[in-house]
Amino acid sequence: MNSPNENDAFELRGQYAGFVSRTTAFLIDRGIIWSIIAIIMAVSTYLFNVVGLPIQTCTYSPTFGGVVCVVVQISLALFALSFAPLYNIIFWTLAAQTPGKYLLGLRIYRMNGERLTLKRATRRYLGYLLSFAAFGLGFFWITIDNRRQGFHDKFADTCVVYSWDAFQNQRLIDRLSVKLYRSRFFQNPEAFYAKGMTAEDAGERNAHVS
Amino acid sequence: MPKQPKYIDAEYNIVPQKDSEANETYESVMRLLVGSLLFGSEELLKRTRAWEQENPPPDGAAASDAEESDLVLLRHLIVGAVFLGPELISHPLIALAETADRAVGLAGSLISPFMRLPLFKPARGLWEGYQDRLAAMVDEFIEKGRKEEPYSKAMARDLLPEIASDTAMAASEHVDGIQALVRDQVSKYLAYVEEHPEEMEALVQTIGDRYLEYLKEENPEALQAIIQGQSLSLAGEVTDELRSRTVTADSVVEMFVRSLLRRPARQELPLPPPEVLEQARLSTKEVIRRRNVERKHEQPE
């Protein structure tokens with residue numbers, strides 16, 4: 001691993017966070033959420049089984065046991081459905097980050113630098129659902145957008161930034177940039193110019209690297 | 001009658017010596033020392049003379065270096081004085097001794113008429129008795145020296161080589177023996193350990209357990225600090241590695257996607273608003289603290 005350059009570290013702290021960091025944080029949070037839900041479900045099922053209420057198999061019947069069974073099943077389902085939104089909204093509001101984002105050194109702010117209120121956090125979570133509903137395009141948009149904002153960020157006017165002295169392997173990025181853009185540019189430079197791109201865009205800036 | 005020798009016992013009392021064992025030991029040691037000194041001096045003298053005969057000193061003045069420094073000249077002066085000094089000093093010393101002898105003789109001739117007077121008879125008797133005792137003591141010393149010198153030399157000549165050779169033999173025997181013993185034992189132990197690795201593991205584990213037990217009993221804070229420090233540093237390293245890799249991957253993935261979509265490579269990300277940059281530099285604790293302060297202010301009084 002390259003040692004961080006002080007200037008790079010300074011430049012990247014506070015910069016918009018990219019797709020991989022955010023997806024990794026998201027997956028870590030999903031893991032935590034699903035683990036907690038699974039543990040609570042397992043413990044509840046075991047305890048109800050012990051008292052003679054098999055909530056996995058029981059169905060509604062006009063008896064006390066049947067009613068309790070349905071109530072417990074609905075409660076657990078509601079808990080499972082609401083835990084993820086609550087987890088996200090509460091952490092976003094209180095700490096500006098979830099545990100997964102904390103691990104990856106990311107924070108969520110409004111575009112004016114303020115932290116998220118409960119209302120804005122809820123709005124952002126609804127944006128999450130919207131991003132999912134659009135076949136995940138809302139999340140994928142992070143890779144294209146200039147401010148690395150997904151649909152949910154745009155919907156809630158928020159951004160995710162690096163909150164640590166972030167640094168990246170600049171040499172690797174420069175090499176890839178040359179490989180990806182330079183050959184294509186020389187094959188058909190007109191197409192590049194037609195899109196408003198320059199030789200610099202095509203990796204000329206990094207030609208010395210190769 | 002010679003006086004009985006005395007010695008100081010363990011309780012610091014001066015008591016008469018019961019036998020002559022101590023004297024005999026003293027005499028034996030002294031014989032060996034004196035004999036060694038004489039024997040060594042003779043041998044040294046013999047060898048130096050033999051060397052001088054083989055290598056006679058150079059005749060005439062030695063060629064002087066063209067550029068001799070003051071220090072070199074001083075050194076030559078001192079060395080020359082060492083060789084020529086005794087010759088220069090011996091004449092004045094002899095003259096001084098003769099003068100002193102004459103002065104003593106003159107003083108004796110001047111005092112002797114008075115010393116013959118009956119008034120000084122007791123003093124004369126004391127002086128003559130002292131002279132007699134001194135002469136007897138000197139004669140006794142000479143006799144003893146005459147007898148001891150060849151005896152001591154013989155002892156040194158016979159014993160010194162024997163002692164040296166015995167010591168060397170004993171040392172070499174011991175070193176070889178010890179080395180062989182250690183080699184033998186180590187090779188045996190290594191072979192045993194190779195055959196029974198579980199015993200070595202058990203030994204290491206036992207020692208490790210004892211050390212941990214010691215730390216737990218004697219210094220639990222240190223043990224706790226070690227464990228916490230190791231865990232934290234390991235966790236910190238893993239986190240830093242994960243973060244730096246994902247940050248690089250952010251740019252790499254973005255580059256691939258933009259390349260696939262025929263979009264220009266991103267040269268630089270636009271900077272977030274300054275308020276966001278400022279917030280990003282706060283620690284998580286500070287963010288929570290500020291949040292709590294804000295919430296307190298929001299609550300109606």
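How many residues of chain A are in contact with how many residues of chain B? In this predicted model, 59 residues of chain A are in contact with 47 of chain B; contact means heavy atoms within 4.5 Å.

Residues are numbered from 1 along each chain as its sequence is written, and chains are lettered from A in the order in which they are written. Local features need pLDDT of at least 70, side-chain atom pairs count only at pLDDT 80 or more, totals for chains, interfaces and linings use all residues, and side-chain values use heavy atoms, without hydrogens and water.

**View 1. The area between chain A and chain B.** About 4,800 Å² is buried here. Carbon and sulfur atoms give 58% of that area. Buried area is the accessible area (1.4 Å probe) that two parts lose on being put together, summed over both.

**View 2. The salt bridge between Arg148(A) and Glu254(B).** Their side chains meet at 2.9 Å, N to O. The count between the two chains is 1 salt bridge. The term means a side-chain nitrogen of Lys or Arg within 4 Å of a carboxyl oxygen of Asp or Glu.

**View 3. The side of chain A that touches chain B.** H8(A) gives the most to this side, with 7 residues. Helices (H or I, at least four residues) are DSSP runs, numbered from the N terminus. The residues of this side divide into 31 nonpolar, 16 polar and 12 charged. Ala, Val, Leu, Ile, Met, Phe, Trp, Tyr, Cys and Pro count as nonpolar, Asp, Glu, Lys and Arg as charged, and the others, Gly among them, as polar.

**View 4. Helices H4 (197-218) and H5 (220-260) of chain B.** Their axes come within 5 Å and cross at roughly 120 degrees. Axes are lines fitted to C-alpha atoms, for helices over the stretch in contact, and angles run from 0 to 180 degrees between N-to-C directions. H4(B) is therefore oblique to H5(B): angles under 35 degrees count as roughly parallel, over 145 as roughly antiparallel, 65 to 115 as roughly perpendicular and the rest as oblique. Leu212(B) and Leu215(B) are among the H4(B) residues at this contact.

Notes:
Helices (H or I, at least four residues) and strands (E, at least two) are DSSP runs, numbered from the N terminus.
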